[in-house]
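Please go through this multi-chain model chain by chain. The notes below are meant to be read beside the coordinates.

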Amino acid sequence: MRYEAPETTADAVALLTGEQGIARVLAGGTDLLVQLKSGRLEPDLVVDVKKIDAMRSITAEDGGFRIGAGVSSAEMSEHDGLCAMWPGVVEAAALIGSTQVQGRATMVGNLCNASPAADSVPAMVAAGATIRIVGPNGSRDIPVENLNSGPGKTTLAKGELVESVYLPARPAGSSDAYLRFIPRTEMDIAVVGVGVSLTLDGSGTCTAARVGLGAVAPTVLLVEDAAKALIGTKCDEAALDAAAAACSAAANPIDDKRGTVDYRIKVAGVLTRRAAAIARDRAEANA
Amino acid sequence: MSQIHVTTTINGDTTEYLCNPEDTLLDVLRDTLRMTGTKEGCGTGDCGACSVTVDGRLVCSCLMLGAEAEGKSVETIEGMADGEELHPLQTKFLEHAALQCGICTPGFLVAAKSLLERNPDPTEEETRYWLAGNLCRCTGYDKIIRAVLDTAAEMRQEKSNAA
Amino acid sequence: MPLDSDQDTKPRTSFKYVGTRPIRPDGLEKVTGKAKFGADTFATGMLHGLILRSPHAHARIKSIDTSKAAALPGVKAVVTADDFKIEQEPGEMANVRANIMARGKVLYDGHAVAAVAAVSKSVARAALKLIKVDYEVLPHVTDVDEAMADDAPLLHEGMITEGVEPAPTKPSNIATRYEFGHGDVDAGFAKADVIVEREFKTAATHQGYIEPHACLANLSSDGSGDIWVCTQGHFMIRDSVCSLLGIDFSKVRVQSSEIGGGFGGKTTVFIEPVAAALSIKSGHPVKIVMSREEVFRATGPTASSSSRIKIGATKDGRIVAADGLFKYQGGAFPGSPVEFGAMAAFACYDLENVRAVGYDVVTNRPKQAAYRAPGAPMACYAVDNVIQELADKLGMDGIDFRLKNAADAGTKSSYGPVYPAIGLKTTLEAAKKHPHYSAPIGANQGRGVACGFWFNFGGQTSVSLNISPDGTVNLTTGTPDIGGSRSSYCLMAAEELGIPYEHVRASIVDTGVIGYNDVTDGSRVTFAGGLATINAARNAIKEMCSRAAQMWGIDVEAVKWEDGYAKPSGANAGDHEPLSLAQIAADAPNTGGPIAGHVECNADGAGVSFATHICDVEVDRETGRTSIKRYTVLQDAGKAVHPSYVEGQYQGGAVQGIGWALNEEYIYNDKGLLDNAGFLDYRIPVASDLPMIDTQILEIPNPGHPYGVRGVGETSIVPPLAAVSIAVSKAVGVQLSELPISPPKLLKALS
């Protein structure tokens, strides 16, 4: 295995493009090193992106924030502006693993690892986040929910890597929330994860909403029916129930050591209702 | 396969070592530098026994490559006491009987020190959640939490006495 | 040497040092990172050992080809079962021999098949890949009930169930049947007004010590040398390694390192004979450290169980009959703790008619090892749930019902002996009076009370007490310290000698230095090691009185020992200034040489220990998640030598029990492979899962110990399974009967 730590994105792209064998990007390393230890993965090249300036910063951009691929979730939690605008995304990233893991883990790494149960992804999907992919043929921006094609699988072409995540600006009366179910209080992989982002107008009516649902399908789902159930309502009990039912219906989970099909379908609904209520309450405070 | 030369700072001392690309910082600390105070309980970031701080940030050393320590400042349990003077956390752990077998203790001390540096007045709940990544199988955590909260109170008192 | 019989037989009740809370002697090294655990040592020329493990739950080994591995540059030795040539008598050591390296068949996912020693970990990993094993995969079975079925895959061709008359003609996976009890349960049930009968299941759990097994073996070609190892019994390590490799015991010195948790799981060998064989074969020291995955797959979890309990009572609340059937699987070899489980199940109760039947069953899982009160938690879980259900049906308070039927001094226990003075009623009464029991309970909350019991053991113990010229004392012992026993030994020695605690140091020395010691288990060390320490101190005192007599020129009968001084015992002994221990020690070269006391004994008289636990839970009915809101342990310690460490045992055992009740379980897939071999998905409690664990130490002295000490380390894991389960059942209004009470299972039970 070779280790390289390039100082520019272009150099990183060149290394990845030029590698004949298996290459992996190293940001936080909290998934990659576990895979190395298990012996399941033996890359020929590891490209550490943490020396690249563009990947290390959180920058204000067009009213929103661009977060570099190498920014840890702990650093995100310490950024006041980000916490105020996108509390749901920040709290989702801050739930990954332990305090120690959050000291290294990055949202982009969490996304590119392509686990269906990744904590930060439902919140990013709900936020309408986009990612900037840089590769040998230039750069492109895509919605977060389009990156992954299945468990452990991204749609990145050879030589491509994700440079940053963009969280857009928000109108007044907006906020978001992320909830996950785990059997303990910390440390577990999400059995179900729900991210809800919404905007309320002056009368408290929901004018926009997005709902991201994780750990219940091969990739994180954008549940449009759940959003439709909230838009045009005051996010009252009936609307929350309808959104919950939509997520339960959209869920397509498996039985595994963390949960059963029935369980995940039920809890998807429960968490949707709870997360939407929190997002609504936060949005009201932002009016 | 050739080894990587790394220059880093460990507990304030400039340190150089050679490591394989796939060696973790934990491997380097224990096997190369023979600093065995940092422990391996799982190797996958689930138990916190390998906790160190890197540039002031609490991390699992099993989740970092030795190569990634280049130019960084690493603090381990061996750097916690100042010569013969223990850190207040170390003293309180002893007084509260907050350790039994002691294998998780270095990780807890490093993690708790990091907590108190960021938040000198944590609640019991904040303390428990900060330390959720440090597993202990002997104590049930009770005396550990008491020791951390008691240390926080004592350190706040000393700070206000000194002011 | 027999223990002195001319001391007072009633336990002492007033103390100067015992019962205080000094800093433990090994504490400073542990908080600075200096303490050396199993993996913390190195040797010049050391090789790294790595073990190849079976990827199948059950398979015949048709052939193993290690030639390419042996030829890889950097590989210095390769071993397989062929390297363990010494035949063993049928029994435990034969099973250990087959467990540490598979012979002919692999019996579980992770079973060791071969091992290499190489100059680096990466060469060792590459070498393992070059070993070719030809397997014939066989059908497997991992569930205890399925393993008992007639058509179950058979693990051992010749296994005929023992304890059954007449003996079965066909082999099966049932190793042994046990039966305990007295009276006539059928006649008893005929008198009952209310009967509850229920079936229960518990999953296999692991001790979960944070330190993986590790050892460094440095042996020469004649078998002599040393082994450094984290273990609960370094004499056991020596005996096992030497027996398996045909080496005289005296040739190998084993030193126990500090141990990063054991709880019973480190009372046997796994990697040590392999490291020893590799060391001899390679001519180099060999270090083996298990990965966490290996620990889960291939060390010794405890049994999963399937049981049926039937208890009947009259309407005034007296139990008239109790009948229990316990089926435990202990992995691929006989030895599940079902015997202890059947003995402990009803031990808390005073019963005229009682029967407990246990079946020890083998399955394609790793060979079990002891886990804190082995066998008792799962049995008492089942029994106490039925006790509570009966109390509810009778409209009686749970504690009152238990008090009405509680074992006491003079009760004939369900497993045979008659109890002397015991503390169960005291813990129940204390629980009833405890503020926790009368605190209000909120919505979706429930409270559970449960009792537990453990036998506690004595065992072979050797202690040497040596007095230095400056009057400070070294205690050399051979019982690894897994709970703070070194400080307890120092307290007891200080108490007897009358010198400050700080003047006594205890260390655990290697097998070449001290007399034999049984493994640290059975909650025996503070009891037996303490007994030996006290008697060693008394022997040293006798010697010092004799030296004082010499120094004064009087008869030794005229000298007494008091508060650290030799004093004339009466006016006619003459007018002599008291001599301190330090003064006598300084003059030792002139009065006969070094002063010591030592004891080698097989300690008897360990006292049983009872506990009552109270647990409050809150259940989120929409997700099935349970949180522990409040927990109290009330347990009899006989005499708490170091109260902080007694509290620590109460809290640690309770939390292991909480994990066992809520989230911990071994999960096997349909190929018989372990699905959750790591701390991510084997879910032990984390700090944020728990409240403070309140404790109350009760002291009903054990007449068999000079200070009244009872073992405390194990009883605390026995009540929590039932306490949590009963609390959850009450919170949701549904009687639960399976552990762990994981959220998917609870939500299903609620729907």
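The report below takes up conventions, chain B, chain C and then some local backbone features.

## Model and conventions

This is a predicted model, in which local features need pLDDT of at least 70 and side-chain atom pairs count only at pLDDT 80 or more, while totals for chains, interfaces and linings use all residues. Residues are numbered from 1 along each chain as its sequence is written, chains are lettered from A and ligands numbered from 1 in the order in which they are written, and side-chain values use heavy atoms, with hydrogens and water left out.

## Chain B: fold and dimensions

Chain B contains five helices and five strands; helices (H or I, at least four residues) and strands (E, at least two) are DSSP runs, numbered from the N terminus. Their order along the sequence is β-β-α-β-β-β-α-α-α-α. The radius of gyration of chain B is 16 Å, close to the 15 Å that the globule rule gives for 163 residues, so chain B is as compact as a globular protein of that length. Here the radius is taken over C-alpha atoms, and the globule rule is 2.2 Å times the number of residues to the power 0.38. The C-alpha trace of chain B spans about 55 × 35 × 25 Å along its principal axes.

The domain assignment divides chain B into domain 1 (4–79) and domain 2 (88–162), with bounds that come from an automatic or database domain assignment. Domain 1 of chain B contributes 14 residues to the contact between the two, and domain 2 of chain B contributes 13 residues; contact means heavy atoms within 4.5 Å. The C-alpha centres of these two domains of chain B lie 22 Å apart.

Of the 163 residues in chain B, 61% count as buried. Buried means under 20% relative accessible area, exposed over 50%, and partly exposed in between (1.4 Å probe, protein chains only). Among contacts in chain B between residues at least 6 apart in sequence, 55% join residues at least 24 apart.

The accessible surface of chain B is about 5800 Å², and 45% of it belongs to carbon and sulfur atoms. Such areas come from the Shrake-Rupley method with a 1.4 Å probe; for residues, only the protein chains shown count as cover. Chain B carries 14 positive and 26 negative side chains, with the centres of the two sets 6 Å apart. Lys and Arg count as positive and Asp and Glu as negative, while His and the chain ends are not counted. Each charge is placed at NZ of Lys, CZ of Arg, CG of Asp or CD of Glu.

## Chain C: overall picture

Chain C has 21 helices and 26 strands. The radius of gyration of chain C is 27 Å, close to the 27 Å that the globule rule gives for 751 residues, so chain C is as compact as a globular protein of that length. Along the principal axes, the C-alpha atoms of chain C fill a box of roughly 85 × 75 × 55 Å.

In chain C, 65% of the 751 residues count as buried. Among its contacts between residues at least 6 apart in sequence, 79% join residues at least 24 apart. Chain C exposes about 25300 Å², with carbon and sulfur atoms supplying 49%.

V418(C) sits in the loop between α12 (398–404) and α13 (424–433) of chain C. With a relative accessible area of 52%, V418(C) is exposed. Leaving aside neighbours within four places in sequence, V418(C) is in contact with G410(C), T411(C) and K412(C). V418(C) and R621(C) are 203 residues apart in sequence and, C-alpha to C-alpha, 45 Å apart in space.

The peptide bond from E165(C) to P166(C) is cis, with omega near -5 degrees; P166(C) lies in the loop between α5 (144–148) and β7 (174–182) of chain C. The bond from L739(C) to P740(C) is also cis, with omega near -5 degrees. P740(C) is in the loop between α20 (720–732) and α21 (743–750) of chain C.

C235(A) is not a glycine, yet has a positive phi of about 55 degrees. This residue is in the loop between α9 (224–230) and α10 (237–250) of chain A, and C235(A) counts as buried at 0% relative accessibility.

D55(B), a residue other than glycine, has a positive phi near 50 degrees. D55(B) is placed in the loop between β3 (51–54) and β4 (57–60) of chain B. At 47% relative accessibility, D55(B) counts as partly exposed.
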